[in-house]
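Subject: Structure handover and findings

Hello,

Here is the structure I promised to pass on. My notes follow below it.

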Amino acid sequence: SGQNPNTNYDVEIPVTLGSGVTTYQYRVKLVLDGKTYYSEKLVFHPNQTHCTPTVTLSTWFKRFKTVNLVSVTHTEPAGDPPYEDATSVVFNLDKGTNPILTITGSEPSWHNLTYKVYIDLNNDNDFDDNQELVGFQAPIASHITPITLTIPSNYIVIGTNLRMRVIGFEGTSNYCNAEVGNIKDFTVYIKPTVVSIKAFMQGPYSGTQMSDNLRTTVPLLIPTLEPYTGLGYTHVNGGGETCNANVFTITGDNAIVDWVYVELRDKNNPTLVKHTRSALIQRDGDIVDVDGISPLSFKLANPDNYYVAIRHRNHLGFRTNVSIALSTTAASLNFTNNSVATFGTNALKQISTGVYGMYSGDANRDGEVNAFDLNAHWKVQNSQLGYLGADFNLDGEVNAFDLNAHWKVNNSIVQQLD
């Protein structure tokens, strides 16, 4: 209820299935103006495997000699079989694009094959879902056949290896069989939109980096489940990120300090948040994905310009002053040296000579360091140990240092974030 009918929403419903379940289906119910509507049945096949295709007749001169896509070329093996599992060959593709797949036939004088290209876009181990026939080419007067593929922008699994099946045939075919011809399976990886961000937080900053006391404390204080959903942050196309506890065994510059909350905002309206996700921040300021090392990916964000905002559970947030072009190649945003313009006035604090970081002291996450942070949080949590809002220096303990070195020096500072 209360949603904009002109907006697309991605809804995630966690489902636990038994090991023997091969089909899962559901409908979507909509109640509007007192009327009830149901969508068509949606069917998933989570535990099945891709069919092993067969070719009824496969003569040597009606096979593929090479398959080329995005500068990667696969050549048929010796004694090329009617069906080849070439899933060890990976093609990296961008969503919303039309790459050209080129097939060279095994015999120049024969060029009467029709081609179909399928990608299991929703990763349910079949090729019969909407948009999964991504390429088709009728016979042309050449044994070298270019096929334009259509990689959708939405409703596909991003950042995961997916199976692509290429079928060249005469007569009849489906994605499991060709009457005459050749079938090959490959792997495609649909690249997500990524960004490389570096930022510091005032609280844990010491010397030239941030401390990782929340990680080194016994027991470990940083949760493996992102904390922002539980703290009331509104996620859009994200949230619920988890990491393996092994991520917290990394030491040195790349050791994890805490979780942060990252927003991508509309290029035409920076108050409109289009995508969010929680991420990990390292001692050297790199904001990384849940594996602890990779640039931050937004799997549902199309390449475009976005305002980028960074927030933390007890530091003041900020955003870029202009929209930033993001794509499947990571743009680099370094907020620690004042090289990227930020919105507002003094959105970041100079925490050392030429070094900038987020203001500490906002225990209740309302965008302002004020008496409420002192009275309702620091005074209540003083002398406590744990993963706490009033622990402004992130050392796992609320004490006088948090009060004197952080809340007092930043009292009355307001977040420069609209």
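Is threonine 249 buried or exposed? Threonine 249 is exposed, because its relative accessible area is 54%. The cut-offs: buried is under 20% relative accessible area, exposed is over 50%, and partly exposed is in between, with a 1.4 Å probe and protein chains only.

Some ground rules. This is a predicted model, in which local features need pLDDT of at least 70 and side-chain atom pairs count only at pLDDT 80 or more, while totals for chains, interfaces and linings use all residues. Residues are numbered from 1 along each chain as its sequence is written, and side-chain values use heavy atoms, with hydrogens and water left out.

**Overall**

The protein chain has 3 helices and 27 strands. Helices (H or I, at least four residues) and strands (E, at least two) are DSSP runs, numbered from the N terminus. The C-alpha trace spans about 85 × 55 × 45 Å along its principal axes. Of the 418 residues in the chain, 46% are buried. Take the contacts with a separation of 6 or more: 66% of them are between residues 24 or more positions apart. Contact means heavy atoms within 4.5 Å.

**Back to threonine 249**

Threonine 249 sits in the loop between α1 and β18. A polar atom of its side chain lies 2.5 Å from the backbone oxygen of asparagine 246. Tyrosine 175 is 74 residues away along the chain, and the two C-alpha atoms are separated by 45 Å.

Proline 219 is in the loop between α1 (213–216) and β18 (256–266).

**Aspartate 258**

This residue is in strand β18. One joins it to the side chain of arginine 313 at 2.9 Å. Another goes to the side chain of tyrosine 387 at 2.6 Å. A polar contact is a pair of N or O atoms within 3.5 Å; within protein, one must be able to donate a hydrogen and the other to accept it, and residues adjacent in sequence count only if both atoms are side-chain atoms. Leaving out residues up to four places away in sequence, aspartate 258 also touches others, including Leu214, Ile222, Ala279 and His312.

In soluble globular proteins, nonpolar side chains tend to be buried together. Here the largest nonpolar core has 46 residues, and Ile197, Val262, Ile287 and Val308 touch the most other members. Strand β18 supplies the largest share of this core, 7 residues. A second, separate core has 26 residues, among them Ile119, Ile147, Leu162 and Val188. A nonpolar core is a set of buried Ala, Val, Leu, Ile, Met, Phe, Trp, Tyr and Cys residues joined through side-chain atoms within 4.5 Å.

Isoleucine 197 is in contact with Val262, Ile287, Val308, Ile310, Leu333 and Phe335, among others, with neighbours within four places in sequence left aside.

**Helix pair**

How do α2 and α3 run relative to each other, and at what angle do their axes cross? The axes of α2 and α3 (residues 400–410) come within 12 Å and cross at roughly 170°. The two helices are therefore roughly antiparallel. Axes are lines fitted to C-alpha atoms, for helices over the stretch in contact, and angles run from 0 to 180 degrees between N-to-C directions. Angles over 145 degrees count as roughly antiparallel, under 35 as roughly parallel, 65 to 115 as roughly perpendicular and the rest as oblique.

Ala371, Asp373, Leu374 and Trp378 in α2 meet Ala400, Asp402, Leu403 and Trp407 in α3. These contact residues divide into 6 nonpolar, no polar and 2 charged. Ala, Val, Leu, Ile, Met, Phe, Trp, Tyr, Cys and Pro count as nonpolar, Asp, Glu, Lys and Arg as charged, and the others, Gly among them, as polar.

**Loop residues**

Glutamine 202 is in the loop between β15 (193–198) and β16 (205–206). It counts as buried, at 10% relative accessibility. Its side chain makes a polar contact of 2.8 Å with the side chain of asparagine 410.

Asparagine 123 has phi near 60°, a positive value in a residue other than glycine. Its relative accessible area is 34%, so it is partly exposed. Arginine 365 is not a glycine either, yet has a positive phi of about 65°.

Best wishes
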